[in-house]
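Let us walk through a protein chain together, one piece at a time. Please keep the sequence and the 3D view open as you read.

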Amino acid sequence: MKKRYYDLENPESWPNYRWIQPPQIAYFVTTVDNAGNHNVTPVTLGTCIGASLPRNDKPGEYYSSFSLGHANLPDGGNVLEVRHGFYNLEEVPECVISFIPATLMRHSTLTGLPIPRGISEMDVAGLTPLPSRKVCPSGIAECPINLEAAAFQTTRLGYYYTHYLCKVIAVSVDEDLMAKDQSGLGSLEIDPLFEVNIQRNSNDQIRLYYGQINRNKITRTADDIGCLKDWIGRFEQ
Ligand SMILES: Cc1cc2nc3c(=O)[nH]c(=O)nc-3n(C[C@H](O)[C@H](O)[C@H](O)COP(=O)(O)O)c2cc1C
């Protein structure tokens with residue numbers, strides 16, 4: 001098989017970056033400044049990166065991470081601006097992560113517009129604050145799942161992104177969603193929006209393309225491969 005190789009340290013090397021970032025569930029990251037003004041940033045550069053279930057009398061430990069732009073950069077016809085979520089996390093290192101159901105595609109697009117700092121995207125998009133119990137920012141009532149999270153480490157990723165490591169310390173889930181979740185698929189039950197691509201449409205406009213998972217096409221591991229006792233198992237097994 002012939003393979004194309006891109007040396008990503010060469011500035012002339014320009015692959016489709018979707019070879020590197022696969023489709024990712026979109027979520028709102030809600031933050032506050034010191035005065036309590038709310039900001040909502042739609043985000044896809046991140047996911048849950050650690051999940052230890054409760055065991056040996058210890059509570060479960062869950063970690064999520066995401067990246068926000070921290071610089072102003074010219075970008076074709078646009079200016080990429082410092083994310084207001086970045087400013088807020090500098091002031092109050094807490095957030096609420098709310099997965100975006102397909103019913104909120106329009107809201108997701110509205111919250112992604114460059115709305116001036118101090119104006120809450122929730123007001124612009126018609127979303128309702130859901131008071132949090134352990135962190136200052138509210139969640140979003142229209143989102144069936146809201147994760148309250150504390151950012152405990154930030155890392156600069158090159159010239160544009162700041163990466164946040166967060167401990168998820170509480171989750172609120174709509175009870176009717178829990179009743180529906182017979183399959184155990186959890187967040188997939190909300191029919192979440194995935195960011196799939198950003199590309200030109202037939203009118204030469206740059207659009208963000210979302211996708212959804214067809215739940216009838218979920219495949220489980222075939223019964224005749226792997227360990228039959230556990231999903232990983234032990235070497236002897
Ligand atoms: C679905 C979607 C995903 C996005 N993912 C990110 C991301 O991961 N990081 C980021 O910095 N911007 C991301 N953006 C762009 C920001 O959300 C957008 O620039 C927004 O206006 C920034 O909001 P803020 O300045 O209020 O924080 C995304 C936008 C959309 C619509």
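Which residues of β3 point one way, and which the other way? Before we look, please note that this is a predicted model. In β3, H38, V40 and P42 point one way, while N39, T41 and V43 point the other way. In a regular strand, the side chains alternate between the two faces of the sheet. The residues on both sides of β3 are all buried. Because six of the six residues of β3 are buried, this strand is largely enclosed by the rest of the structure.

Now follow the chain back to the strand that pairs with β3. β2 and β3 run antiparallel and are joined by six bridges. Look for F28, which stands opposite P42 in β3. The two strands β2 and β3 form a hairpin, and five residues lie between them. In the turn you will find G36, which has a positive phi of about 90°.

The chain has four helices and 14 strands. Its C-alpha atoms fill a box of roughly 55 × 55 × 35 Å, taken along the principal axes. Of the 237 residues of the chain, 26% count as buried. Among contacts between residues at least 6 apart in sequence, 57% join residues at least 24 apart.

Next, let us look inside. In soluble globular proteins, nonpolar side chains tend to be buried together. Here the largest nonpolar core has 32 residues, and those with the most contacts inside it are Y27, F28, V29, C95, I97, I100 and A149. At least two residues of this core come from each of β2, β3, β5, α1, β8, α3, β11 and β12. Take I97 as an example: leaving aside neighbours within four places in sequence, I97 is in contact with Y27, V29, S64, L147 and A149.

Helix α1 covers residues 84–91, and its buried residues are H84, G85, F86, N88 and L89. What covers these buried residues of α1? The cover includes β2, β3, β5, β8, β11 and β12.

Where does the ligand sit among these elements? β3, β5 and α1 each supply at least two residues of the shell around the ligand. In total, 20 residues surround the ligand, and the closest are T41, L45, R83, H84 and G112. The residues of the shell divide into nine nonpolar, nine polar and two charged.

With 17 other C-beta atoms within 10 Å, T154 is partly exposed. Not counting residues up to four places away in sequence, T154 touches T162, H163 and Y164. T154 and C166 are twelve residues apart in sequence, and their C-alpha atoms are 9.1 Å apart in space.

We finish with another sheet. Strands of a sheet pair through backbone hydrogen bonds, either parallel or antiparallel. This open sheet has three strands in the order β1-β13-β14, with antiparallel pairing. β1 and β14 stand at the edges with a single partner strand each, so one side of each is left without a neighbour in the sheet. Strand β13, residues 194–200, pairs with β14 over six bridges. To see one of these partners, find F194 and then G211, its bridge partner in β14.

Definitions and conventions
Residues are numbered from 1 along each chain as its sequence is written. This is a predicted model: local features need pLDDT of at least 70, side-chain atom pairs count only at pLDDT 80 or more; totals for chains, interfaces and linings use all residues. Two strands pair if DSSP finds at least two bridges between them. A residue is buried if 20 or more other C-beta atoms lie within 10 Å of its own, exposed if 12 or fewer, and partly exposed in between; C-beta atoms are placed from the backbone. Two residues are in contact if their C-beta atoms, placed from the backbone, lie within 7 Å. A residue is near a molecule or strand if its C-beta atom, placed from the backbone, lies within 6 Å of it. Ala, Val, Leu, Ile, Met, Phe, Trp, Tyr, Cys and Pro count as nonpolar, Asp, Glu, Lys and Arg as charged, and the others, Gly among them, as polar. A nonpolar core is a set of buried Ala, Val, Leu, Ile, Met, Phe, Trp, Tyr and Cys residues joined through C-beta atoms within 7 Å.
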